Amino acid sequence: MAKRTINSELFAKAREYLVGGVNSPVRAFNYAGCDPLIIKKGRGSKVYDYDGNKYIDYVLSWGSLILGHGHPDVIKDIKKVIENGLSFGATNKHETELSEMILKAIPSIEKIRFVNSGTEAVMGALRLGRGYTKRDKILKFEHSYHGHADYLLVKAGSGLATLGLPASAGVPRDYIKDTLIVGYGDKKAVENIFKEHGNKIAAVIFEPCGGNYGVIPPDIDFLRYLRELAAKNGSLLIADEVITGFRFDFGSLSRKLGIIPDIICLGKIIGGGLPIGAYGARKEIMNHLAPLGDVYQASTFAGNPVVMQSGLSTLRELGKLKNKYSSLVELAGYLSESIRESARERNIELDVENFGSMFSLKFKEKKQFQGFYRKLLESGVYFAQSEFEANFLSFSHTNADIEKTIRLVKMALDAI
Ligand SMILES: *Cc1c(COP(=O)(O)O)cnc(C)c1O
């Protein structure tokens, strides 16, 4: 691999103007302890830097690019829409077409509202849930990530306390006083919370598969319990499917698991690489949103025609691959098992968590991860730059990509 000299220069310049050289913290590669990758372009399963180096990409814009980078038909369609102008702040036909496609794939959504990010989707869903139930409290789980709204930046307090602490400076205690937090999978804690606060809990929000604390596979028994308990107490169940929507099959992961949430949040994949979020539910709930109802939520750019076309063309292509999700799962399973085995052969303690086409790595020590990560990046494999982030496969990853990755993973393990 060529040196990353231009990369270093570009990052030095970025640091002069952007906070830490980035617009989102994890991009700074602080955890990995090396200079971040500054990406010039992506094609299929590969990204390229400004020094001419090529990397097999397992980050894929945090899971958004399930078709890989720059799918030719998607790009072609977007170009056509761009010719007609970029934004009108008015209804266009692309948003109706995208909603129709999503509603067919996820039948529990009868009406949908598009926004510009996963964060906004969750904020909208929770406001709607609170407006609909006329209750204030929400329940979330430790280690789940739902974007950066104040009242969701909460970490668990000590011991049995169910009132959390702000997870960021700048979040007043008052803003999180209605956010309850317990450990994921802890039935007893959930039961106690509902005993104490049941008739005040507007909604329970969960990730069907966790993706922001390494991969946390679904606990189906727990999710069924949540479904039942929420219904019994008149609380809504909100699935944050910003990562999981269309990742495990052509629809929602909750449905695949047999759980029907009241509200579903989407993002990432449904925008095909452009900024998007969405939340949807049955009509009776959604009609509480303005202009029909009294729950306010608005946006200048929501439903932007270019973004909508990007999502539409992506889902159209994805629809053709509907029956091929299993191949994605097989490849990810094979890669995960090979990494596990390679570590075992070298007596390196390494947990590889894998669910569907997602996987994450956890070494015994951070130092080991850093050594491994740097070596791997140098050799042309771009994994998530922290052990707490998930890696993803796309339909553009080939067997050859996987075999090459395994070979390079072995070399990186040898180097630590
Ligand atoms: C990425 C993500 C979000 C936030 O989406 P943004 O588009 O980054 O605002 C929310 N929830 C989950 C589960 C996510 O993975």
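Guide: A residue counts as buried under 20% relative accessible area, as exposed over 50%, and as partly exposed in between, with a 1.4 Å probe and protein chains only. This is a predicted model, in which local features need pLDDT of at least 70 and side-chain atom pairs count only at pLDDT 80 or more, while totals for chains, interfaces and linings use all residues. Residues are numbered from 1 along each chain as its sequence is written, and side-chain values use heavy atoms, without hydrogens and water.

Visitor: Why is Phe372 called buried?

Guide: Phe372 has a relative accessible area of 0%, which is under 20%, so the term buried applies.

Visitor: How many aromatic pairs does the structure hold, and what makes the pair of Phe248 and Phe355 tilted?

Guide: There are 17 aromatic pairs. Rings of Phe, Tyr and Trp (its six-membered ring) pair if their centres lie within 6.5 Å; planes under 30 degrees apart are stacked, over 60 edge-to-face, and the rest tilted. The centres of Phe248 and Phe355 are 5.2 Å apart and their planes stand at 50°, so this pair is tilted. Phe248 lies in the loop between strand S10 and helix H8, and Phe355 in strand S13, 107 residues apart; helices (H or I, at least four residues) and strands (E, at least two) are DSSP runs, numbered from the N terminus.

Visitor: Why is Phe355 called partly exposed, and why is Phe248 called buried?

Guide: Phe355 has 23% relative accessibility and therefore counts as partly exposed, whereas Phe248, at 7%, counts as buried.
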